Amino acid sequence: MSSTTTAPPPGPPPKITYTLAVCLYPQFGTLDYQGPVEILSTFSAHSRENFGFVLDKFPDSAIEAEFISHSLDAVQPFVGPKVLPTGTYKGAMDEGKQYDIIFIPGGSAHPGSVDPSLLEFIKNQYPKAKHILAACTGSWILAGTGLLNGKKATTNKAMFKVVEENTKDLNITWVPKARWVITDDKKIWTSSGVTAGMDLANAFMEYFVGKEFAYEACKLSEYTPRGEDEDEWAAVHGLVV
């Protein structure tokens with residue numbers, strides 16, 4: 001007796017595709033990027049092909065991620081296995097490649113310890129990029145580009161005072177209690193520490209494709225997001241009374 005397995009039907013292909021550059025550097029945080037990228041990539045072509053059968057609704061658009069670093073060598077994160085980038089910062093700039101969304105994860109690095117090409121890449125992309133997202137201390141790296149000057153942002157609460165002190169001359173309004181912060185023009189999104197990056201990604205999806213589709217992303221990953229002000233870690237670290 002033989003049996004056959006019928007593959008579940010894929011979801012409909014996207015009509016519009018937006019490109020996402022995930023900025024890697026040595027000692028970046030694994031969950032800082034992997035959690036948010038999984039949410040942001042829910043409606044990618046690959047996801048629609050393989051997991052579309054468990055989704056009830058699909059937006060017309062999709063976000064496709066690429067992983068960029070200072071070289072094509074595998075990048076060692078803070079914990080876990082190395083990650084192989086798909087391109088380099090210099091290569092993207094030399095080719096005039098423009099991404100729609102830039103994502104900067106946190107980690108144990110700071111603006112002075114990362115390869116200068118990362119900061120140059122972010123500044124190069126910023127004018128035409130639709131959005132810049134930074135999780136955890138990724139906002140500290142973003143601050144090193146000067147693009148947060150005169151703007152509001154947040155960061156990892158355990159590192160908040162360190163980041164605030166090291167950027168005190170940059171006119172950045174660091175918000176102590178917030179899971180994520182959005183600039184007034186909706187272009188720059190920053191989050192608190194590590195897992196807050198997933199809350200930022202969910203909020204961004206609500207803004208980018210709508211709440212009903214953001215819910216589909218949560219349903220697929222069985223993830224319950226927190227609200228913008230649900231940040232008990234600010235009090236734990238003595239940032240608020």
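1. Buried here means under 20% relative accessible area, with exposed over 50% and partly exposed in between (1.4 Å probe, protein chains only). The model is predicted, so local features need pLDDT of at least 70 and side-chain atom pairs count only at pLDDT 80 or more, while totals for chains, interfaces and linings use all residues. Residues are numbered from 1 along each chain as its sequence is written, and side-chain values use heavy atoms, leaving out hydrogens and water.

2. Strand β4 spans residues 101-104 (strands are DSSP runs of E, at least two residues, and helices runs of H or I, at least four, numbered from the N terminus). I101 and F103 lie on one side of β4 and I102 and I104 on the other, and all are buried.

3. β4 has parallel pairings with β1 and β5 (strands pair if DSSP finds at least two bridges between them). Strand β1 (residues 16-23) is joined to β4 by 3 bridges, and A21 has I102 as its bridge partner. Strand β5 (residues 131-134) pairs with β4 over 4 bridges, with I101 opposite H131. From β4 the chain passes through helix α4 (residues 116-125) to β5 in a right-handed β-α-β crossover (with the strands pointing away from the viewer, the path from the first strand over the helix to the second runs clockwise).

4. β5 also runs parallel to β9, joined by 3 bridges; A134 is partnered by T190. In strand β9 (residues 188-191), I188 and T190 point one way and W189 and S191 the other, all of them buried.

5. Strand β8 (residues 180-182) is antiparallel to β9 over 3 bridges, and W180 is partnered by S191. The two strands form a hairpin with 5 residues between them, and K186 in the turn has a positive phi of about 65 degrees.
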